[in-house]
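Dear colleague,

Please find the structure below, together with a short account of what was found in it. I would be grateful if you would read the two side by side.

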Amino acid sequence: MKQWRSLDEMTRDEAFVARAAQEFPALAAALAQPARRRTVLKLMAASLALAGCDPGNGAGNLVPAVVAPPDIVPALPNSYTGANLFGGYAAGIVVTHVMGRPIKVEGNPNHPASLGATSAHGQAMLLDFYDPDRAFGLSRRELPADRQDLLAALTTERARLGADHGAGLRLLTGSVTSPTLARQIDALLAQFPAARWHQWEPISRDAVRAGAVLAYGRPVAAIPRPAAADVIFAIDSDMLASAPGHLAFARALASRRNPVRTAKMSRVYAVEPTPTLVAATADHRFVAGPAELHAGFMAVAESVLQNAAPSGAPAWAAAVAADLKAAHGHALVHVGPDQPAEFHALAHAVNEALGGRGATFDLVEPIEHAPTDQAASLAALIQEMAAGQVDALVILGGNPGFSAPGFAEALGRVRFSLSLAPMPDETSERATWSVPETHVFETWSDARAYDGTITIIQPQALPLHGGMSAHEVLALLGAEAQTGPRDIVRATWQDHADFDGFWHDALANGVAAGSASPPAQVALRPEAARLAPPTPPSQPINLLFRPDPNLWDGRYANNPWLQELPRPLTKLVWDNPLLISPVSAAREKLVNGDVVRITVGTAWLEAPVWIVPGQAAECAVGLLGYGRRVVGTVGTGTGFDFFPLRGGTAPPRIEKTGRHVALASTDHHNPLDAGPRDIVRHGTLAAFTRDPRFLQEEPKVETMYHGQPQLSAQAWGMSIDLNSCIGCNACVLACMAENNVPVVGKAQVLHEREMHWLRIDRYYEGTPEAPDSFFQPMLCMHCEEAPCEVVCPVAATVHDQEGLNVMVYNRCVGTRFCSNNCPYKVRRFNYFAFSHEEHRPPIARNPDVTVRARGVMEKCTFCLQRIAEARIAADRENRPIRDGEVVTACQAACPTRAFSFGNINDAGAEVAKRKQSPLDYAVLAEAATHPRVSYEARIRNANPDLAQNA
Amino acid sequence: MSTTQLPMQPVVDPAESPGAMTDRIAAIVLRERAYLWWWLLMIPSATLAGVMVVSILWLFYAGIGIWGIDWPVVWGFAIINYVWWIGIASGGTFISALFFLVRVEWRTSLNRLAESMTLFAAACAGIYPILHLGRPWFFYWLFPYPNTMTLWPQFRSPLFWDFCAILAYVVSSILFWYLGAIPDFATMRDTSVRRRPQLFYGVLALGFRGSGREWRNFRAAYAVLAAIMAPMVCSVHSIVGLDFAAAQTTGWHSTQFPPFFVFGAVLSGFGMVLFLALPLRRLLRLEAFITGRHLEVLARLLLVSSLCVIYAYMMDAFSTYYGAEPAEKIFFHERVTGLYAGVYWSTLLLNCVLPQLLWWRRLRLNQALVWLISSGVIVGMWLERYGIVVVSLHRPKLPSAWGNFTASIWDWALFAGTVGFFFAGLLVVVRLVPIISIFEMREILRKRQA
């Protein structure tokens, strides 16, 4: 061990000086000189000066804003267009920034798949962007590596693969709608002709694609137009929940659902084994297991196509068929992606026969690049991998290591694999290279909507943690001329006449004008009408698989907003029990939370059960996407992985284990105990036609106070149309994002302490086997005579001059009396410092909304900060606030425009008009609170022939 | 011989003389070493009081989320226990103030014990409303004091009335207890032979020497305080009742709540006096002063207040079905058949059914049975408040907000802690203060001798 007395002495170490001289000749020269005080000081000064010249992280150029960028005013928001990608399809968004940081996602009104609305996933992408668990850097065999290492490795691979035209190269992506990615993939396949490209989405739409091919002979995309349909027959349909374009479909469907505002109310039939959102809004819902569904739809199809009388079919089939035929030219059949391809083909045939083409549906050229049978594509890939035929595999997004059983093991036989993933997952931990994927907020790209409309996606921020996009990886792999994502995307559109104008307009509007897919000129193959899928096997239990509505295929497992977003019907959070029917629960004596062992062939899983009213007796549903093993802190230890059971063909078995676990649902009681009663008023269209005001029986309130509350000139109020609400939850997440509403975690939800300011109440009416369900968004009613205000001893909740019931957090001492006295129970209490423990950095919060401390009450403010913003703008221009100028977060997100908000004292305002609706009513009016929020009662257009179901 | 012919026992053993009585009662306090039973009771009580301190410190550190309260049951043990303790406190005030004003002789043997009980029960009750707050360090915002924010409290809020009522009640109870003990402190000062007790009681006696002027002033002040306290015991419990009745909440919105709460309070108050007096008279050998007469009178009072409570329960059920409110009916149905039905039926059993045994004099004179019934009433009144707070809140008007409540370990720890604090406090009083009012007892004995 070398001994020394001073650093100076140490630096004279011969070996060190020699090494230093080799590496830093100038330093060697300096060290060689006798050390002088002035020299030392000079060197120190120079070192400090150089230290200030930190080149940053190398991911981009940081230019200090010596001259403020135009249009950026400190503390005022800016908006930039972008897109939310879901299953490869784009829904346009506008991201609100404050001081350069994205804080809120809104829908893009210009975009056909958004029309200004967002889905819950669109709202939640903000948290994915800010997720502290995202991968911080590249890793090679789980050891940190840097970009140069990757470049070197890709160069080596390119040379190696080029030798045999890329025979061992495989590329795996999800569904591709991005023209740029498609161009790059095509270029890569041209460069390596022997390479192959596989596509796979864990939540398959293969049946949709195959059905179109069966019906029309080649891939086409069918776009339903529910606004034009008088009669809709939805078969296990995802039209309102997750189909590409679901936000637009929901808007269109809702436009025909309120008899006050539509000339002719549509009639919706739904048939399905497990409840969907379409069914929750439908006029008639038929619960049907696979066998009954098969028989019923075949009967309807035969009746429409061959005019045959349904025989041996369920009772409803005849009525549905008759109604569809009666509405010739205005009828629509929609089939969900979980039904076989033959059903889709048959539905095309029925729709054609009903004369719907061009009216109730359109056929356009396919949106996806090179649509294919993805299940077969992946199966082939896994087979080749397992056989050792795959030398190099590049996985661009997706997590097949989790969602495709057998993939992870086969990956071990691939010499070189690269996984592009936002955070370490089950695939990246097995891949040779794990490359952090940039969030869609961090990169340039492009993508198409359900109708083909193109959005150029621009970055909203510099990458928070470095990372690469799929475009960059492909460019590096193929040694393309451009490697920057912006240049890559621009190269795709370079040929456009007036490129600069196109580019500018596309970014400014969020859509490329006129880029929708052209109509497909195809004729129905006559044999499509004669197709019949095999009769489903009759077995005691049918195990069905559906994506979890929030976590989807598992990609959102680390998103706390989505984890704690109550599932539309079960209201479950943080978990995915096996969904069973009330019939099998009664038979097996199972209650919610009982653990069962589900066996399919050799695969098995132990999971608790949850009873879903309205689920077909012989069906059990496993929700995919939970049970992630390699995931961030939020998703760890949540739920159960049903993917391994999905491939099995053996009849499933379900056995009780005798164990019981607690499941967190925000519905803290037996849902069938309490029907909608007078809370969700509802009736039939026939009754409405007789007397539109038939639901207006206001209870007689005996009161000593006969004065009605006086409205101020500016009186904020809201009307919610229960005919429009589909229970999609977009408003709930929009409210959380806008108002910094904290997530509390499973344990606290079990403790009944969730914090949602806006919740969607769900009521059932009827038998557990086939109930009608009702949704009702519930938020602070801003009562004129607010019961919460008089009981607060410190006056922390008071009325303002515009009729808002405001909560003064600083004054609140936390007696919680206001919550006791609130008939609507919309007040939430911070039992702990929930906001302090949130899984997101403080910069992800909305700076205009106070973050609430421990021990204070909070509740909906009608987005007070948005009102203030509009008021300031109006004051500056010395005018009153215009109608529609204040849009609450829930209202903005709502795909069906169920919310209407504004000045109820302005007769011209939309909300005032809606409150004049004959269906308008107040919840718990007998409490004499005079709520500012009212509802439009739910009307159902029941088929008189099926009256017993109405 | 039927029990009705049993002779009524005197309020004090006729063999007692003022001097002997003074010596005997003073001797309990002036013993150099405490009784063994005193230690045996004190150790667990003090331990539990320590648990209370730990529970409060942890509560302040971690927040009220450590309790079982949730949504919609945002009030829980803090309010249940607050109402329970304040109800128990009523017993002492009732006996010492109301029966003082109506000049009831038997009160003299019990009033010190009952008032001491009131003191500590009120102390236990008094801490709960503060601990109950989400941000307890701002509790003083309920007080209408001039401040730079120029903010007043919400005068319409029952919690503000409650804050004033409790404050007044606790302060008056302390003053009433202390004022009533001053002549006895003087006696102790004069009786003790050692320097330290002399100093201790001398300070507490505030220089009371028994002059005529002092006695005149004392009696006037005591009578005024008693005249304030007697109606206050009704107003305090009425206001506690209004904490609930003034809300729109299902199960609470009832005009009968103020008298109902007074009945309930008095029931538990008498129950607690019996619960304490029965063992204490044996342990301290006070049978000569707390005679069978006292026990019988207390048992009768217990029966009467039980009948009042029965009336209130009946009206509660009647008004639910007489009114047209569906939510009230659902709630009531849930209350008698639902998850917490056991709470309701136990309440009825303990507060209504069992006290009916006291109609029979022979049973009234059975001390073990009376002690069990009074313990039952104390538990029953706690369950009644559990029903009012938790069971009402768990079925609000909107079915989507229905929920349940489960108490946490810290709920129980704090509750047990206050029980320990209550008994520890009483034991300290038993050790340091004459547990029977000597000067008043002296008057009775003198009267009898005369």
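B:Asn111 counts as buried because it has 25 C-beta neighbours inside 10 Å; a residue is buried if 20 or more other C-beta atoms, placed from the backbone, lie within 10 Å of its own. B:Asn111 belongs to helix H4 (residues 107-131) of chain B, helices being DSSP runs (H or I) of at least four residues and strands runs (E) of at least two, numbered from the N terminus. Leaving aside residues up to four places away in sequence, B:Asn111 touches B:Ile95, B:Ser96 and B:Ser437, where contact requires C-beta atoms, placed from the backbone, within 7 Å.

The model is predicted: local features need pLDDT of at least 70 and side-chain atom pairs pLDDT 80 or more, while totals for chains, interfaces and linings use all residues. Residues are numbered from 1 along each chain as its sequence is written, and chains are lettered from A and ligands numbered from 1 in the order in which they are written.

In chain A, helix H12 (residues 315-326) has A:Trp316, A:Ala317, A:Val320, A:Ala321, A:Asp323 and A:Leu324 buried. Seen down the axis of H12(A), these residues fall within an arc of 165° and so line one face of the helix; the arc is taken from the directions from the helix axis to the C-beta atoms. The partners against which the buried residues of H12(A) pack include strand E9 (231-235) and helix H11 (290-306) of chain A.

Yours sincerely

Note on methods: A residue is buried if 20 or more other C-beta atoms lie within 10 Å of its own, exposed if 12 or fewer, and partly exposed in between; C-beta atoms are placed from the backbone. Two residues are in contact if their C-beta atoms, placed from the backbone, lie within 7 Å.
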